[in-house]
Amino acid sequence: MSVRFSGRVWVFGDDLNTDAMYPPFAMKMEPPEAARHIFYEVRPGWADQVCPGDIVLAGKNFGVGSSRPVAALFTELGIAGLVAEEFNSLFFRNAVNAGLPAITVPNATAVFSEGDCGIFDLDAGSWRNDSTGAEGSVPKLPRLILEILESGGVMPRLAAQGYLPAELGDLLRSSAVAMRGSGSGA
């Protein structure tokens, strides 16, 4: 299996805080409803414009803040993957735990514009902007992280390995479980 994603790119800037991505009023909502409020503070209405398969691309320090389980909400919207010039480490781990592919691409906000089509291959450590032809490579992620992503997240991986009941299957891949199980991301 390969960890690869492609789609239309939505470009955001630096220092995107999880508190701004997932507003406090949405925290009491069920995941499908809460997901409709992602980026409410920085780009109101964005969740109504995004389509399954789209990609979120940001600058440096993406996901800084209180570590709200935003990655699970991105999966609820059908986001194919995350790209950033630099991820907050806890946010990155929460994305992996939720089964949401994430890749660090230096100067990503200079190489991609809003609406470009991007292709990202985590196994190969490569990326391509299909709209401009720009392409490059980045260090590959460790095999264990790729295996967690291939499994759909940490909980489905643990079930596949026999550490959790296998009959929970699809439930373990749900955004509700990812949100409630995100904890510290460690």
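This is a predicted model: local features need pLDDT of at least 70, side-chain atom pairs count only at pLDDT 80 or more; totals for chains, interfaces and linings use all residues.

Visitor: Why is the pair of Phe12 and Trp46 called edge-to-face?

Guide: Rings of Phe, Tyr and Trp (its six-membered ring) pair if their centres lie within 6.5 Å; planes under 30 degrees apart count as stacked, over 60 as edge-to-face and the rest as tilted. The ring centres of Phe12 and Trp46 are 5.9 Å apart and the planes stand at 80°, so the pair is edge-to-face. The structure holds 14 aromatic pairs, and ring pairs link Trp10, Phe12, Phe39, Trp46 and Phe74 into a cluster.

Visitor: What makes Phe12 and Trp46 a link between distant parts of the chain?

Guide: Phe12 lies in the loop between β1 (4-11) and α1 (18-21), whereas Trp46 belongs to helix α3 (residues 46-49), 34 residues apart. Helices (H or I, at least four residues) and strands (E, at least two) are DSSP runs, numbered from the N terminus.

Visitor: How do you know whether Phe12 is buried or exposed?

Guide: Buried means under 20% relative accessible area, exposed over 50%, and partly exposed in between (1.4 Å probe, protein chains only). Phe12 has a relative accessible area of 7% and is therefore buried. Trp46, with 0%, is therefore buried as well.

Visitor: What sits over the ring of Phe12?

Guide: The charged end of Arg43 does, 4.2 Å from the ring centre. The term requires NZ of Lys or CZ of Arg within 6 Å of the ring centre and within 35 degrees of the ring normal.

Visitor: Why does Arg68 count as buried?

Guide: The relative accessibility of Arg68 is 15%, so Arg68 counts as buried. Arg68 is found in the loop between β2 (55-58) and α4. Contact means heavy atoms within 4.5 Å, and, not counting residues up to four places away in sequence, Arg68 touches Thr18, Asp19, Tyr22, Pro23, Pro24 and Met27.

Visitor: Which backbone oxygen lies 2.6 Å from a polar atom of the Arg68 side chain?

Guide: That of Tyr22. A polar contact is a pair of N or O atoms within 3.5 Å; within protein, one must be able to donate a hydrogen and the other to accept it, and residues adjacent in sequence count only if both atoms are side-chain atoms. At the start of α5, a side-chain oxygen of Asn88 reaches to within 3.0 Å of the backbone nitrogen of Leu90.

Visitor: How do you know that β1 and β5 pair?

Guide: Two strands pair if DSSP finds at least two bridges between them. β1 and β5 have five bridges, in the antiparallel sense; Gly118 in β5 is the bridge partner of Gly7. Four bridges join β5 to the antiparallel strand β6 (residues 126-129), where Trp127 stands opposite Phe120.

Visitor: What makes strand β5 mostly covered?

Guide: Four of the five residues in β5 (residues 117-121) are buried.

Conventions
Residues are numbered from 1 along each chain as its sequence is written. Side-chain values use heavy atoms; hydrogens and water are left out.
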